[in-house]
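Hi,

Here is the structure I promised to pass on. Have a look at it first, and my notes follow below.

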Amino acid sequence: MSNEALNAVCPYYTMYPLGFPLRVLEQYGKQGDWVIDPFCGRGTTNFAARLRKMPSVGVDSSPVAAALAQAKLATATPSGVTASARAIVKAAKEPTSLPTGEFWRLAYHEHTLVQLCQIREALLADCSSDTRILLRAIVLGALHGPRPKGAPSYFSNQSPRTFAPKPKYAVKFWTARGMQPVDVDVLSIIKTRADRYLTEPPPNVGGKVLLGDSRVADTFTDIPKARFVVTSPPYFGMRTYLPDQWLRLWFLGGPDYVEYRQPEGQLEHSGADHFAAEMGRVWKNVAKHTTNDARLIIRYGGIHDRDAVPMDVLKKSLVDSGWKMKTAKAVPDSDSGRRQVRQFQAVPKKAITEHDVYCHRA
Ligand SMILES: C[S@@+](CC[C@H](N)C(=O)[O-])C[C@H]1O[C@@H](n2cnc3c(N)ncnc32)[C@H](O)[C@@H]1O
């Protein structure tokens, strides 16, 4: 058990390894320095900052990301989280909304689905305490995943962990194999996970996570001046952050079906120049909330279905942004097996090299 355990509470599309922000903050920072991540995803930077005793601010426009990153700054005991889940289920009546249809019938056993809906409704009504924020992250992490040979560790029928199953494909898959959902013990899965992730908590250092759009200057009001911005923006062309997380979005109050429309609040991927300009707005916004000696450190790469060279897009985004690029280093081998792009390609094509780009205030 280590105080890094909480970082793994739920996988997130295109997360970077904890070692990256940990290394950077150890090398250049000191205890008490403020850190910002304007594209915080699951809150890896925030969690690294916490381990280094640095307060941090995270911003992400995906509700799944914001919920997970909030948990990275929260503190509660495993027994507190388990008791909170038990109390919710014990006090709950029939859920007011219960999804129906072939997908839902095969994805979750009917008893499991009722309990999940009860917990969902209670957390939608009130998720203000650290205990509930951590319970929400634990449920998000257990919502879908593989069915092991022994005791179940996820609530769903056989599914991928990182991405939500696509309903049509999943129904075909389960039907062809005669796979029925197991009547899992929801509270026991929560307890096992609470013990795993919360037994040794990291220090409590403060900070906050905002659900918001980093292109909008007002998103950053009322935050202290930071000495570090450590982040990884979406790679140009990666636009499915929300549809691929549709089940977790449902748990957070979204619809019980996949929505494919371009989600609001995400950088627009219509063209490389436009994308670079959108990213540039974010660099400008964060520059205003940093000290004169601040550093901006960006991990950036690309995907294969776009012709644009990732480093060209990034360099363009930095022009007149308040930041000046100093160095760019190829991501070390130790991280390369866990590249962001690899997280979601079933058969990875030859990877596009990722770079860590270091900038100073202009
Ligand atoms: C590459 S991921 C960050 C992953 C993160 N480093 C981690 O370890 O989890 C990029 C994130 O940017 C977010 N994002 C995209 N456009 C945004 C915007 N305009 N404002 C805030 N967040 C945005 C996406 O929702 C996504 O979570």
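**Cavities and helix packing**

Five cavities of 30 Å³ or more turn up in the structure, which is a predicted model. The largest cavity has a volume of about 330 Å³. It is lined by 30 residues, and Phe39, Cys40, Gly41, Asp60 and Ser232 are the closest to its centre. Helix H2 (44-51) and strand S2 (56-60) each give at least two residues to that lining. Sorted by class, the lining of the largest cavity comes to 13 nonpolar, 12 polar and five charged residues.

The second largest cavity holds about 70 Å³ of space. Of its 12 lining residues, Phe236, Gly302, Ile303, Ala308 and Pro310 sit closest to the centre. This lining splits into nine nonpolar, two polar and one charged.

Now to the helices. H4 (residues 78-91) packs against H7 (residues 130-142) at an angle of about 80°, with the axes 9 Å apart, so H4 is roughly perpendicular to H7. On the H4 side the contact involves Gly80, Val81, Ser84, Ala85 and Ile88, and on the H7 side Thr131, Arg132, Leu134, Leu135 and Ile138. That contact has six nonpolar, three polar and one charged residues.

H4 also packs against H9 (residues 186-198), here at about 160° with the axes 8 Å apart, which means H4 runs roughly antiparallel to H9. The crossing of these two is right-handed. Pro78, Val81, Thr82, Ala85, Arg86 and Val89 of H4 meet Leu187, Ile190, Lys191, Ala194, Asp195 and Leu198 of H9. By class, the H4 and H9 contact has eight nonpolar, one polar and three charged residues.

Cheers

Note on methods:
Residues are numbered from 1 along each chain as its sequence is written. This is a predicted model: local features need pLDDT of at least 70, side-chain atom pairs count only at pLDDT 80 or more; totals for chains, interfaces and linings use all residues. Side-chain values use heavy atoms; hydrogens and water are left out. Axes are lines fitted to C-alpha atoms, for helices over the stretch in contact, and angles run from 0 to 180 degrees between N-to-C directions. Helices (H or I, at least four residues) and strands (E, at least two) are DSSP runs, numbered from the N terminus. Angles under 35 degrees count as roughly parallel, over 145 as roughly antiparallel, 65 to 115 as roughly perpendicular and the rest as oblique. Contact means heavy atoms within 4.5 Å. Ala, Val, Leu, Ile, Met, Phe, Trp, Tyr, Cys and Pro count as nonpolar, Asp, Glu, Lys and Arg as charged, and the others, Gly among them, as polar. A crossing is left-handed if the near helix is turned anticlockwise from the far one by less than a right angle, and right-handed if clockwise. On a 1 Å grid over the protein atoms alone, a cavity is a set of points where a 1.4 Å probe fits but cannot get out, and a pocket is an open set with protein on both sides within 12 Å along at least five of seven lines; lining residues have an atom within 4 Å of a point. Grid points are joined across faces, edges and corners, and a volume is the space filled by probe spheres set on the points.
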